[in-house]
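Hi,

Here is the structure I promised to pass on.

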Amino acid sequence: MQQDRNGLPPAEWCATPNAMRLNRLMRMARRDALMGGLGLSVAGLFSSAQAQTAQTAAQSGEVGRFMAVSERLTDRTTLDSRIGTALYVGIVHANPDRQAKIQALATLLENSKPTSAAEFARAAEHEDPSLKEVIHDILAGWYRGVADGKVVVYRSALMFDITKDAVYPKTYATGGPFYWVSKPPEVARPTGKPALTPSPFVIEPT
Amino acid sequence: MSSEQTLSADVVIVGSGVAGSSIANELARAGISVIVLEAGPRVDRQHFVDNFRNLENKPSYQGPFPAVPWARHPPNQMTPNEYLHTSGPNAEAYQQVYLRMMGGTTWHWAGCAWRYLPSDFELKTRYGQGRDWALSYDDLEPFYYQAEVMMGVCGPDPAKEDLGSPRKQPYPMEALPISYAAQQFRKLINEKTPYRVVHEPQARNTRPYDNRPTCEGHNNCMPICPIGAMYNGGYSVYHAEAAGAKFVPNAVVYRIERDSANKRVTAVHYMDPDKGSHRVTGKYFVIAAHCIETAKLLLVSADDQSPNGVANSSGHVGRNMMDHTGVQVTFISGDKALWPGRGPLETNVIDNFRDGSWRSERGAYLVHMVDDNQVDLATQLAISKGYVGKDLEEQIRYLAAHTVRLFSHNEALPDPENRLTLSKTNKDILGIPHPDVYYKLPDYTVKSCEHTRGVFKDLIGLMHGTDEQWTPGYFPQDHPSGSTIMGTDPKDSVVDGFCRTHDHENLFIASSSVFSTVGTGNITLTVAALALRVADTLKKELVHA
């Protein structure tokens with residue numbers, strides 16, 4: 001094993017001074033990394049403080065309750081708890097008040113036992129209008145794969161799961177040249193109604 | 001601290017983008033010694049791809065390309081900006097982005113490789129607007145073809161789809177098979193409107209070409225093609241290096257030295273990231289550092305000999321800033337599913353507004369139907385509408401399959417009042433001022449954008465569209481041009497028709513900064529053609545010498 005100089009990885013101390021500086025500047029932070037690999041430990045995604053938060057949350061059952069809330073809000077029976085742990089830590093890190101709000105959602109879920117995401121979401125907003133923003137955070141986490149302004153998962157975001165018969169996540173096309181000429185699936189106009197009151201749609205600036 | 005040895009070459013080029021690297025390649029292959037000084041770092045493609053995948057705001061084209069402190073570039077299109085400081089009535093319309101990296105800004109272009117129309121070079125003569133260029137379409141035609149071969153451009157058969165720019169040879173590669181979404185859009189426009197949709201010429205492989213693979217439709221031309229099926233300046237860097245050209249990264253040129261008569265450039269001086277200064281001598285010098293950085297460098301080089309800046313006896317360096325200002329709308333089609341985002345980003349253009357007698361009144365423009373994966377936008381929109389669970393998933397599918405994005409490139413005019421100057425308050429870590437730009441949209445462009453909005457509204461109606469999201473105001477299309485404008489009169493222009501500066505006989509400029517008008521297509525192929533013409537001139541002069 002190569003010697004660790006001043007705690008720097010070999011890629012940095014083996015390089016020229018300019019390359020060292022570039023390595024640090026051009027590389028995105030470690031916690032921005034994808035969680036793609038199956039064997040990757042959740043702790044590897046976080047700073048030590050966040051890893052501690054994740055461990056504490058898991059031990060106290062917070063993550064379990066977050067997973068139950070997530071499954072109800074997505075109308076799904078299986079979600080990946082490793083992704084869930086990372087999302088939970090990110091959501092709470094971005095907004096510490098989310099910890100109590102998520103537990104409030106969990107309590108509502110346990111008490112009222114809603115049979116659909118829509119029923120649950122309506123009841124939550126009725127009980128406390130501020131819970132809408134937490135629900136948005138949770139849905140953006142699972143469907144977009146982001147929390148705390150960072151990518152937690154890319155290809156594993158649910159939005160790609162539900163559109164995989166038509167499009168690929170950018171940079172991961174596997175259809176081969178000219179796959180795009182073929183006719184993609186038709187999509188019927190949905191009949192479902194919004195469960196929450198609408199919010200302003202803000203496109204992030206480029 | 002200064003360098004122990006002076007670098008020297010026949011030709012010294014500042015900037016390693018498509019212009020600088022293609023000149024270096026041509027000259028090196030002719031046996032001419034070349035040094036290219038690039039302010040930014042050398043970074044590999046995979047690095048940018050990884051950065052993109054980790055980017056939360058995926059449409060942020062600058063996002064995967066963080067700048068280094070010694071060669072900053074605009075971090076985004078936001079006003080105020082950390083680097084490019086714009087002001088004036090339309091400051092936000094000139095918030096351009098570009099890259100200071102080995103290979104240049106074509107790391108994040110969409111491969112749109114338009115030749116300009118013959119009329120684009122004669123706007124004054126034909127329509128009484130703007131200026132004429134100091135060269136004609138016919139002068140540039142052979143170099144357009146050379147640039148198309150260099151990049152590997154695919155395009156339509158001219159006999160079937162005439163794009164208005166006469167060709168002596170077919171495109172180097174056959175046309176790209178268009179996506180289902182594009183087929184449907186094309187059908188609709190042909191059947192229901194007086195307009196047409198054409199295949200946009202693309203620097204993108206429809207077969208293996210130049211040791212690069214065929215396009216696989218990753219739908220990520222901007223900000224980064226993951227496989228190199230689309231040309232970028234980095235490939236010309238590789239070819240030039242293989243031919244013997246020397247590229248120096250992290251070399252920030254800050255001074256252009258001339259002889260005592262102020263007629264010939266004798267050297268350029270650059271700083272490394274540690275502020276060590278180095279002198280590079282040569283017989284000829286080419287500034288190919290992007291429209292904004294080129295003008296900045298000429299102004300920064302002001303001294304007792306040239307108090308207003310190098311090559312600036314006309315006072316026009318930094319003036320006449322132009323762009324293709326854009327109008328953009330996203331909406332949900334009420335017709336059948338299109339599923340945009342299958343295939344490359346930009347292949348379909350309505351070209352009916354490129355030329356006509358109305359150009360005496362308002363600017364020309366192109367309309368792009370952007371074939372962009374809309375899954376992320378659909379997800380954000382569906383969540384904001386209040387959907388959850390199964391209903392949310394159905395909405396995401398529906399919206400992703402029906403979202404349409406249109407944008408335009410509207411022509412500007414050269415106005416000396418639209419001006420780049422050196423910031424008096426902001427400097428980088430090397431002490432070099434940031435660029436400031438004052439911008440007021442020409443009425444010619446405003447009228448053009450108004451016309452575009454009308455056309456877009458008609459198209460939205462035709463597609464039974466809802467949920468219109470108009471990008472507010474006017475937005476920059478990152479085609480800055482005009483800052484070292486070309487002309488025949490040294491009193492009101494900076495370079496001649498060969499891109500040689502009027503003031504200094506061995507100083508050339510290869511950049512969109514020389515454009516006399518901004519033209520009616522994406523700028524890159526014209527930048528490359530002008531650069532290859534510079535290379536041709538230099539080869540003739542150096543070989544004959």
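Some housekeeping first. This is a predicted model, where local features need pLDDT of at least 70, side-chain atom pairs count only at pLDDT 80 or more, and totals for chains, interfaces and linings use all residues. Residues are numbered from 1 along each chain as its sequence is written, chains are lettered from A and ligands numbered from 1 in the order in which they are written, and side-chain values use heavy atoms, with hydrogens and water left out.

(Helices, H or I with at least four residues, and strands, E with at least two, are DSSP runs numbered from the N terminus; two strands pair if DSSP finds at least two bridges between them.)

Both belong to an open sheet of six strands in chain B, ordered 4-10-11-12-9-15 with antiparallel pairing. At its edges you'll find strand 4 (197-199) and strand 15 (466-470) of chain B, each pairing on one side only. From one strand to the next, the twist averages 25°. (Axes are lines fitted to C-alpha atoms, for helices over the stretch in contact, and angles run from 0 to 180 degrees between N-to-C directions.)

Helix 5 (residues 180-192) of chain B lies across strands 4, 10, 11 and 12 of chain B, at about 140° to strand 4 of chain B. Helix 9 (residues 389-402) of chain B packs on the sheet too, touching strand 9 (328-332) and strand 12 of chain B, and its direction makes about 35° with that of strand 12 of chain B. (Contact means heavy atoms within 4.5 Å.)

**The three-stranded sheet**

Chain B also has an open sheet of three strands, in the order 3-14-13, and here the pairing is mixed. Strand 3 (85-87) and strand 13 (419-427) of chain B are at the edges with a single partner strand each, so one side of each is left without a neighbour in the sheet. The twist averages 35° from one strand to the next.

Strand 3 of chain B pairs with strand 14 (residues 433-438) of chain B in the parallel sense, over three bridges. If you want one pair to look at, S87(B) has Y438(B) as its bridge partner in strand 14 of chain B. Helix 7 (residues 291-300) of chain B lies across strands 13 and 14 of chain B, running at about 70° to strand 13 of chain B.

**A pocket**

The second largest pocket holds about 550 Å³ of space. (On a 1 Å grid over the protein atoms alone, a pocket is an open set of points with protein on both sides within 12 Å along at least five of seven lines, and a cavity is a set where a 1.4 Å probe fits but cannot get out; lining residues have an atom within 4 Å of a point. Grid points are joined across faces, edges and corners, and a volume is the space filled by probe spheres set on the points.)

Its lining has 23 residues, with H136(A), D137(A), A140(A), R144(A) and Q380(B) nearest the centre of the pocket. Helix 8 of chain A gives the most to that lining, with five residues.

The peptide bond between T79(B) and P80(B) is cis, with omega about 0°. Another cis bond runs from M222(B) to P223(B), with omega near 5°. N250(B) is not a glycine, yet has a positive phi of about 55°; look for N250(B) in the loop between strand 5 (246-248) and strand 6 (252-258) of chain B.

Chain B has an average pLDDT of 97, and 99% of the residues score at least 70. (pLDDT is the predictor's confidence in each residue, from 0 to 100.) For chain A the mean is 83, with 78% of its residues at 70 or more. Over residues 1-22 of chain A the pLDDT is below 50, and over residues 27-44 of chain A the pLDDT is below 50 as well. The complex gets an ipTM of 0.94 and a pTM of 0.93 from the predictor.

Cheers
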